[in-house]
Every structure is written in C-alpha cells, then in structure tokens.
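Keep it short and grouped by topic.

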Amino acid sequence: MSEEKKAGFDFEKLKKALKGKVTVLYGNYGVGKTIFSLLFSRQFKNSTFIVVDNNYHSEYYKINPEAKFIDVNGVWQLRQAVKGLQRTHDTLVVVDSITTIQSELVGEKGFSPRAYLEYNNTCDWITNQLSKLKPEVTSVIIAHERIKDWESQQAIPRFNPIALRNVDIQLRMVMENGKRKLQFTFARTVKVDNITTDYEVM
C-alpha cells in the first residue's frame, strides 16, 4: 500500500480539484503543510519545490526523491527562481514558505511600512507570475495563518490580500482529534464538493 493510501487522503481527487490552479495552503506552524505538499507532489510527473524555509529536515527530501529542490535566500533569489520556471505539462510548483520572506524582511528592516510594502509587492508578483503558467502548471504557495477576528477565531493566510486576486483556491490545514483536515475556505473557479478532507501523516 502506498504512503498516500496509508495517509487516508484521496490525493488523486485533490489533484483534479487543484490541477492548473494557484492555491494558497495555510495553517499554524508545524501542522504538516510541507509533508502534505511533498506527498501530494508524487501525483505529478514533474515537481519543483522553491525552498525559502531554512528548516527543511533531511527526511523531507526522501519523501519524493524525484522532486527538484531550489534553495533560495531572500527576495531576489526567490524572484529569480520563479522567473526560471518552465510551462511544462503535469507540473507542480510549491513555494515553501512565503511567510519566511515576511519574517526576513521584518527582521532586517523592523516593523516599517517599507518592509510590509516590499512583502506585499512580492506576494502579488509571485501569484501573478504563477498564474501565467496555468493551466499546465499547478502551484501551491505555503503560508502561515493569522487570526482575523478573535471573537469568531476566523483565520486567514498571512498573505497580502490584494495578491489573492491571482489565487484560485485557499486551503486551510488544521489539526482536529489527532488528524489533519483541509478546509476549502475559498474556491473561486472550481467546485470542490465531496472531497475527503481528513488524512494522517505517517
């Protein structure tokens, strides 16, 4: 039995829902977004991970040995990596994670309007570039979440809201009763009814 089947999640059905789209996958730190994306990448003939997060474990690379990993450091290298992407059939591109860029910018420049403007512009530019690769390329941008409304506990991606104009689907990953669950919080262009939403990372 494959690890995907052991995980109890229908990755084939998920691929049909996300194929040729730009998706933002968000959730709390450590909830399992990276491992999920690596397992999901096995569904594609080609997969490229643009690794912004410098905390990748060596085990991650073993989940899909066929995947291509591009390590980037900072906004300029991230933009260059995205510029170099090819419009190839049955390809998955994962940016992991955009929140790391925000942390780096704020860390370098403090809580300044300039830092946030640069981050917002970067988000918008990346989603725009990835949208130009559709429908051949499926894109997933990983982000952390933030609480929008404390009373209702509504969570949204830690992402420039304007950049979401280029995003087709938002997926929130949460942990419930020891299982990770995907919530389709936004689906502008694709119907995603009846998709299994629970899986376990082995």
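Arg-79 lies over the face of Trp-125, 4.7 Å from the ring centre. A charge sits over a ring if NZ of Lys or CZ of Arg is within 6 Å of the ring centre and within 35 degrees of the ring normal. This is a predicted model: local features need pLDDT of at least 70, side-chain atom pairs count only at pLDDT 80 or more, and totals for chains, interfaces and linings use all residues. Residues are numbered from 1 along each chain as its sequence is written, and side-chain values use heavy atoms, with hydrogens and water left out.

**Overall fold**

- The chain has 7 helices and 9 strands. Both are DSSP runs numbered from the N terminus: helices are H or I with at least four residues, strands are E with at least two.
- The chain holds 202 residues, and 51% of them are buried. Buried means under 20% relative accessible area, exposed over 50%, and partly exposed in between, with a 1.4 Å probe and protein chains only.
- Of the contacts with a separation of 6 or more, 66% join residues 24 or more positions apart. A contact means heavy atoms within 4.5 Å.

**Charges and aromatic rings**

- Lys-15 also sits over a ring: it lies over the face of Phe-44, at 4.6 Å from the ring centre.
- The whole structure has 9 aromatic pairs. Rings of Phe, Tyr and Trp (its six-membered ring) pair if their centres lie within 6.5 Å; planes under 30 degrees apart count as stacked, over 60 as edge-to-face and the rest as tilted.
- Phe-44 pairs edge-to-face with Phe-40, at 5.3 Å centre to centre and 85° between the planes. Both Phe-40 and Phe-44 are buried.
- Tyr-61 and Phe-69 make another edge-to-face pair, at 4.6 Å centre to centre and 70° between the planes.
- Tyr-61 counts as partly exposed because its relative accessibility is 30%. Phe-69 is partly exposed too, at 21%.
- Tyr-61 and Phe-69 belong to one aromatic cluster with Phe-49, Tyr-56 and Tyr-60.

**Helix α3**

- The buried residues are Lys-33, Thr-34, Phe-36, Ser-37, Leu-38, Leu-39, Phe-40 and Ser-41.

**Largest pocket**

- The largest pocket holds about 310 Å³ of space. On a 1 Å grid over the protein atoms alone, a pocket is an open set of points with protein on both sides within 12 Å along at least five of seven lines, a cavity is a set where a 1.4 Å probe fits but cannot get out, and lining residues have an atom within 4 Å of a point.
- Grid points are joined across faces, edges and corners, and a volume is the space filled by probe spheres set on the points.
- The lining has 17 residues; Tyr-29, Gly-30, Thr-34, Asp-53 and Tyr-60 lie nearest the centre.
- α3 and β5 (137-149) each supply at least two lining residues. α3 gives the most, with 3.
- By class, the lining has 6 nonpolar, 7 polar and 4 charged residues. Ala, Val, Leu, Ile, Met, Phe, Trp, Tyr, Cys and Pro count as nonpolar, Asp, Glu, Lys and Arg as charged, and the others, Gly among them, as polar.

**Second largest pocket**

- About 170 Å³ of space lies in the second largest pocket.
- Its lining includes Asn-46, Lys-68, Ile-70, Gln-86, Thr-91 and Val-93.
- β2 (46-51), β3 (68-71) and β4 (91-96) are the elements that give it two or more lining residues. β2 gives the most, with 3.
- By class, this lining has 4 nonpolar, 7 polar and 1 charged residues.

**Cavity**

- The structure holds 1 cavity of 30 Å³ or more. The volume of the largest cavity is about 40 Å³.
- Leu-18, Leu-25, Phe-36, Ser-37, Phe-40, Val-140 and Leu-171 line the largest cavity.
- α3 supplies the largest share of that lining, 3 residues.
- By class, the lining of the largest cavity has 6 nonpolar, 1 polar and no charged residues.

**Asn-128**

- Asn-128 is in helix α7 (residues 113-131). At a relative accessible area of 29%, Asn-128 is partly exposed.
- Asn-128 and Leu-164 are 36 residues apart along the chain, and their C-alpha atoms are separated by 9.5 Å.
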